[in-house]
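Please look over the sequence and the 3D view below before reading on. The text then walks through them together.

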Amino acid sequence: MSSDSVDRHKRFSIEHNIDYDLISDTDHKIALAFDVFKEKNMYGKKVMGNERSTFIINNEGKIIKKYSKVKVDGHVEKVIQDIMEFTK
């Protein structure tokens with residue numbers, strides 16, 4: 001999910017061969033609900049934007065794990081490991 005437009009998501013999906021829908025949150029309602037629309041520092045300037053985050057949500061719709069300020073390296077492996085632990 002990001003604040004990018006639906007059209008931009010479609011182009012991104014085609015470019016990266018993604019076969020599932022991406023969520024467009026141009027009005028930040030979802031980001032605000034998940035408390036990830038934050039003040040950030042971009043090149044020394046304060047701006048509002050989505051904090052890169054990942055959530056694991058169980059079958060009942062409950063958030064069981066939140067990762068904030070996510071860095072790409074090693075993140076996927078950590079999330080998969082945690083999901084495996086939750087499903088034991």
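What follows moves from the overall layout to the strands, the loops, the charged pairs and the pocket.

This is a predicted model: local features need pLDDT of at least 70, side-chain atom pairs count only at pLDDT 80 or more, and totals for chains, interfaces and linings use all residues. Residues are numbered from 1 along each chain as its sequence is written, and side-chain values use heavy atoms, with hydrogens and water left out.

Start with the outline. The protein has 3 helices and 4 strands. Here helices (H or I, at least four residues) and strands (E, at least two) are DSSP runs, numbered from the N terminus. Along the sequence the pattern reads α-α-β-β-β-β-α. The C-alpha trace spans about 45 × 30 × 25 Å along its principal axes.

How much of the protein is buried? Buried residues make up 18% of the 88 residues. Buried means under 20% relative accessible area, exposed means over 50%, and partly exposed lies in between (1.4 Å probe, protein chains only). A contact means heavy atoms within 4.5 Å. Among contacts between residues at least 6 apart in sequence, 16% join residues at least 24 apart.

Now the strands. β1 (37-42) and β2 (residues 45-50) pair in the antiparallel sense over 6 bridges. Two strands count as paired if DSSP finds at least two bridges between them. K38 has G49 in β2 as its bridge partner. The hairpin of β1 and β2 has 2 residues between the strands. In this hairpin, Y43 takes a positive phi near 55°.

Positive phi values also turn up in the loops. H28 sits in the loop between α1 and α2. H28 is not a glycine, yet its phi is positive, about 65°. D35 lies in the loop between α2 (29-33) and β1. D35 is not a glycine either, and has a positive phi of about 55°. D35 counts as partly exposed because its relative accessibility is 46%. The C-alpha atoms of D35 and S53 are separated by 9.9 Å, while the two residues are 18 apart along the chain.

Turn to the charges. Side chains of opposite charge can pair when their charged atoms come close. A salt bridge here is a side-chain nitrogen of Lys or Arg within 4 Å of a carboxyl oxygen of Asp or Glu. How many salt bridges does a search of the whole structure find? The search finds 4.

One of them joins D4 and R8, with the closest N and O atoms 3.9 Å apart. D4 has 29% relative accessibility, so D4 is partly exposed. R8 is partly exposed too, because its relative accessible area is 49%.

Another joins D27 and K29, again with the closest N and O atoms 3.9 Å apart. D27 has a relative accessible area of 44%, so D27 is partly exposed. K29 is exposed, because its value is 60%.

K78 and D82 also meet in a salt bridge, at 3.0 Å from N to O. Both lie in helix α3 (residues 75-86), 4 residues apart, about one turn of the helix. Is D82 buried or exposed? D82 counts as buried, because its relative accessibility is 9%. K78, at 37%, is partly exposed.

On a 1 Å grid over the protein atoms alone, a pocket is an open set of points where a 1.4 Å probe fits, with protein on both sides within 12 Å along at least five of seven lines; lining residues have an atom within 4 Å of a point. The volume of the largest pocket is about 1,000 Å³. Grid points are joined across faces, edges and corners, and a volume is the space filled by probe spheres set on the points.

The lining of the largest pocket has 27 residues, and M1, S2, R52, S53 and T54 lie nearest its centre. The elements that give two or more residues to this lining are α1 (6-15), β3 (54-57) and α3. The largest share, 4 residues, comes from α3. The lining divides into 16 nonpolar, 6 polar and 5 charged residues. Ala, Val, Leu, Ile, Met, Phe, Trp, Tyr, Cys and Pro count as nonpolar, Asp, Glu, Lys and Arg as charged, and the others, Gly among them, as polar.
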